[in-house]
Amino acid sequence: MGALPTEQANPSTGKQQVTHTGLGWTRPPWKSSPRHWIPIPASFHPLSLAAAAAAFRRANIAAMLRLRGCILPRLLPPPSTSLHRLLSAAAPAVSPSPSFAVEEYLVATCGLTPAQARKASPKISHLKSPANPDAVLAFLAGLGLSGADVATVIRKDPKLLCAGVERTLAPNVAGLISLGLSRSDIARLASLIGVTFRCRSIIAGLHYCLPLFGSYENLLRALKSGSVLSSDLERVVEPNVTFLRECGLGACDIAKLYAHTPSLLGISTQRIRTAVACVEGFGVDRESRMFRHALQVVAFLSEEKITTKVEHLKKMFRWSDSEVGIAFSYAPTLLMRSKESLQLRSEFFISEAGFEPAYIAHRPPMLTYSLEGRVRPRYYVVKFLKENGLLNHDRDCYRALTISEKFFVEKFICPHLEAAPHLAEDYATACREEVPARFIFA
């Protein structure tokens with residue numbers, strides 16, 4: 001123990017002062033409380049100062065945890081007793097870490113690969129202690145996330161490790177529970193939506209989207225493609241949904257539209273209006289069952305690109321503007337085909353098979369099938385049967401191209417195996433992109 005402070009006169013000033021002979025503390029008489037003493041160590045050592053600072057931090061954290069234990073139960077709603085257990089599990093262990101290696105922590109504790117950790121670490125390089133990350137990981141584990149799920153969540157949003165458990169995550173979870181989600185539901189949601197999980201907007205977003213998608217399971221399936229929850233609900237999502245409803249799309253149609261093109265609900269309403277006008281310009285009205293599919297195609301194509309694609313179709317298939325519109329109304333995805341793909345189909349259907357441009361325009365789905373894996377082999381079978389008198393020459397080839405593989409074999413292969421024993425083998429060879437000798441016609 002150090003010596004007690006004693007009062008004595010200062011030779012230079014004549015005033016009384018208190019001196020601690022062991023530590024060299026000096027207290028002027030006008031500072032009556034020990035809290036004003038000024039420490040002037042007789043023999044200063046950096047380690048003693050560091051130890052004192054660490055002790056102060058430990059005491060501070062312990063006091064904060066005691067305060068949380070007193071206040072938090074009063075703030076949380078009574079039904080969320082499971083949330084209280086989550087918070088208790090998330091209480092950070094007080095362990096000073098003078099040199100916290102973020103990248104190493106991401107690999108060893110969060111389960112990220114070294115490459116993922118290198119990419120994520122700059123986003124949380126300001127962290128100096130594992131205390132808050134440990135609390136977040138404990139909270140996630142309490143929700144029921146597996147180690148792999150935690151790694152996925154942290155990879156998508158490394159800054160989640162900086163989120164306050166009590167200030168951000170606990171209120172969000174309480175809000176989700178109030179919407180009827182279970183802890184397992186919340187765990188699945190957290191592994192899908194990334195940054196949005198720590199945003200307060202998640203509550204309002206889910207409250208709006210659950211009725212729109214019909215069920216939580218439908219919403220989860222849609223979120224695998226993209227997160228509508230990250231878009232501005234009031235300024236973007238709601239106006240877009242309202243306009244799509246005005247176009248005649250029901251909630252089921254809008255949900256399917258989102259599942260196929262997630263970013264559609266996140267673009268400006270004006271852009272969607274432009275896309276609708278484009279679709280109607282092709283002759284697809286809002287009541288058509290293809291309206292939704294057409295909208296998916298043109299929503300992210302510029303006017304210039306659409307014009308270029310239309311010109312390619314007219315040139316390759318010898319179509320008029322009206323025939324392009326007819327083809328688009330049956331198969332909107334034609335506008336997504338590359339120029340090379342369309343060229344190959346034009347050469348086959350018009351030059352080799354001899355189909356008329358108008359015939360193709362009214363049956364454009366045939367242009368969307370695999371040329372080598374489906375169209376050519378089936379066309380060769382039908383032509384072989386006609387050439388050998390096994391099939392009426394007036395039989396339409398289009399049906400043979402559209403039916404399922406099982407149905408095609410039952411209708412066009414099996415009934416003719418007695419007359420053409422090698423037909424099944426030749427068809428299988430053609431499907432491997434080889435042309436059998438019997439399928440070569442003069």
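The model is predicted, with local features needing pLDDT of at least 70 and side-chain atom pairs pLDDT 80 or more, while totals for chains, interfaces and linings use all residues. Residues are numbered from 1 along each chain as its sequence is written, and side-chain values use heavy atoms, without hydrogens and water.

**Salt bridges**

I noted twelve salt bridges in the structure, each a side-chain nitrogen of Lys or Arg within 4 Å of a carboxyl oxygen of Asp or Glu. Asp-321 pairs with Lys-314 at 2.8 Å, N to O; Lys-314 is partly exposed, at 23% relative accessible area.

I then checked Arg-378 and Glu-405, whose side chains meet at 3.0 Å, N to O. This pair links distant parts of the chain, 27 residues apart: Arg-378 sits in helix H19 (residues 371–387) and Glu-405 in helix H21 (residues 405–413). Helices here are DSSP runs (H or I, at least four residues), numbered from the N terminus. I recorded Arg-378 as buried, at 2%, and Glu-405 as partly exposed, at 39%.

I next turned to Arg-438 and Asp-426, with closest N and O atoms 2.6 Å apart. Asp-426 lies in helix H22 (423–431) and Arg-438 in the segment after that helix, twelve residues apart. Arg-438 is partly exposed at 43% relative accessible area, whereas Asp-426 is buried at 5% relative accessibility. I also found Asp-185, Arg-188 and Glu-217 joined into one network by salt bridges that share partners.

Note on methods: Buried means under 20% relative accessible area, exposed over 50%, partly exposed in between (1.4 Å probe, protein chains only). Helices (H or I, at least four residues) and strands (E, at least two) are DSSP runs, numbered from the N terminus.
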